[in-house]
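Please look through the model with its charged side chains in mind, and then turn to its surface and to the confidence of the prediction.

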Amino acid sequence: MKIVGYADRLSAAPGDVVEFKISTTLPRYRARLVRLVRGGAPGRTHDMVERAVPSALDGAYPGREQTARAGSYARAALPEPVPADGFGAAAWIWPTLPGLDRPQAVLTASAPGGRSFSLALTRDGLALLGPGGDVLAATGTAPREREWCFAAAGYDPSTGEAVLLQAPRRGPAAETRVRLTAAVPAPAPVTEVLAAAAPGGGAPFNGKISHPALLTRAPSRDEAERLRAGGDPAAVLGDALLAAWDFSRDQHSVRVPGRGPRPVTATLVNMPTRAMTGPHWTGREMDFRAAPEEFSAIHFHDDDLADAGWDTDLRFTVPDDLPSGVYALHVRADGSGPDAEDGPEERTEDRIPFVVREAPEAGPAPVLLVLPTWTYLAYANWRTYVELREQRREMYGEDRAPDPVDEFLVEHPEYGRSLYDHHSDGSGVAYSSRLRPIPNMRPTYFTPTTKGLRHFAADLYIVHWLEALGVRYAVATDDDVHERGAELLNRHRVVLTGTHPEYLSGAMLDAYEEHTWSGGRLMYLGGNGFYWVTGRHAEAPHVVEIRRGNAGVRVWDSDPGEVHLSTTGEPGGLWRYRGRAPQRVAGVGFTAQGFDKASPYRRTDDSRDPAVAWVFDGVDADEFGAVGLGLGGAAGDEIDRADPLLGTPGDAWILAGSFGHSEKIVLAPDELTRKVSGAAAPAFGDPKVRSDVVLLRRPGGERCSPSGRSPG
């Protein structure tokens, strides 16, 4: 891709300003506003459908290249420069990539003119870095991977001696002293202190840091041992303490208050993982709120990215008369287009999507479509189609070529990872942000898994269906439901979900439950929906968080003690294990998945009840759904079924069930301990491998009347 961008928001109301950030390697590009009607991948699926919307954005603009810098760290600017007689640092560290060729800065005292000093990790063990990042001294023995180690370093310019102390969690400390022969500039007054990075955000550290402290001089052996034993840095070091932080405080925040005589607050950059177990975790508590002193670590990664930080190129004020819908800024580099010589791999256009929601004072549309934008963020920039292409070939029995966007993402790791990825150190990715380019959240993105469209592009099929019906509709996002709750949903006669509303907060579940139990209609059109506990960062609302826990269909496990969300404090994992299985809200919940082919449905005896005859108006066949845009049928990919044991109401109508699934459609891990219940078993195969069409009744309206504010 020679042009890519992102917007500062995914949802905007009339009067709001949407800012677009663009990066291109070409000198000029053209921009226009479009309304998205249907997703499509040229040459692979239906053509995309969009409509031009005349706006002040239309025109040509100069291009420029913008870059993102990944890597998380903590930074604190001192109110005024602090003179230093030397350098000292101490911390507990839990390194995850100790064998890297480059130094990894743990703690840095930054000074003007490049006269900075750092405690760092190198292949040769703990090290003292001097001005310019030069290794002044090293222990010669690297700490063990994923084991806690106490580390301390100091430099005394009056003697020219460097000292390093390295100690395991249990056992004696090893001290290294080196008298430097080369001239080293004396430390300059310190203006900034850093954790997990060198000046300018360079040399990022991979792993956990706990109990960090920086000094204005070298620590003595006794002081280092007292800090190792858990002594308060202020009491141990007095005025020599330059900066220290207790990482167990304010776990929900991107700021960490300081401690000691200079209590400077540190700001966390690029969202390192919080609520992590520290060196003194006993295992008796799993909730960091119950024993905060045991959860005293922050896990830093060199590929974290919370905000690409690009400058704004274009601004768009949403007009008062612009209808609610799905829109995009279409940017195309000059000289590109349908007749351009560039192939898909040299794509020179991008469509940056956003939703225009209904004005609060407007008369509500009968239908509200909620786009599952948190699910889009969960899958944002997933690289598995390239990285695991051979394994998928074996799984599917055929090669399903990735979209060129997938190749682009592999070439641009600086755009951050998805919640389905691992960090470079092997730990699971817990946070995802919308403030970065997300090229696989586009109307033209093709998904090899389903040999068609998935997520955002697939949800545009619902938009196209509503347009074809001539139904007046409005569009909202997960953030809108999270913020406004049932008050938003209750404005509309019927609420539709997208095709895969997998990730949602407790506030969103509350909204859907309140809406349906107060007489509102909900059409759950998804698969594998309402599944993962998800939190949103209060101070950085562009960021969502999950913890995979140790159950469900997952690509990584949470480490012991690290299941609770830092953003909300609640336990993560599946809503099912919080007593809020999807069946309680939608009547069905995730049961199985497979990606070879999709299957049709067969009507049940419940569907003959005269009370629900209206559901099948115009449908004469007993079997339906034998064709489809994904995997060739209606029930495939990830499927949901009814289960009274998980909350499907006993008086629900189970109108149809899928049948004929192959042996490649397998149960979700969380289904393997459940006995069979609910609808009758299909003709063959595991009785729980099926997709059900369910109609629920709720109090507050006529019994499933096709009109009015009845439940459904």
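What follows goes through salt bridges, a surface patch and the confidence values.

This is a predicted model, in which local features need pLDDT of at least 70 and side-chain atom pairs count only at pLDDT 80 or more, whereas totals for chains, interfaces and linings use all residues. Residues are numbered from 1 along each chain as its sequence is written, and side-chain values use heavy atoms, with hydrogens and water left out.

Side chains of opposite charge can pair when their charged atoms come close. A search of the whole structure finds 56 salt bridges, a salt bridge being a side-chain nitrogen of Lys or Arg within 4 Å of a carboxyl oxygen of Asp or Glu. One of them joins Arg-351 to Glu-50, with 2.8 Å from N to O. This pair links distant parts of the chain, since Arg-351 belongs to strand β25 (residues 349–356) and Glu-50 to strand β5 (residues 49–53), 301 residues apart; helices (H or I, at least four residues) and strands (E, at least two) are DSSP runs, numbered from the N terminus. Arg-351 is buried, at a relative accessible area of 10%, while Glu-50 is partly exposed at 22%, where buried means under 20% relative accessible area, exposed over 50% and partly exposed in between (1.4 Å probe, protein chains only).

A salt bridge also forms between Asp-311 and Arg-64, at 3.8 Å from N to O. Asp-311 sits in the loop between β22 (297–300) and β23 (314–317), and Arg-64 in the loop between β6 (59–62) and β7 (73–82), so the pair ties together parts that are 247 residues apart in sequence. Both partners are partly exposed, Asp-311 with a relative accessible area of 45% and Arg-64 with 33%. Elsewhere, Glu-161, Glu-175, Arg-177, Arg-221, Glu-225 and Arg-228 are linked in a network of salt bridges.

Leu-469 lies in helix α7 (residues 455–469).

The mean pLDDT of the chain, the predictor's confidence in each residue from 0 to 100, is 92, and 95% of the residues reach 70 or more. Over residues 678–684, however, the pLDDT is below 50.

Methods. Contact = heavy atoms within 4.5 Å.
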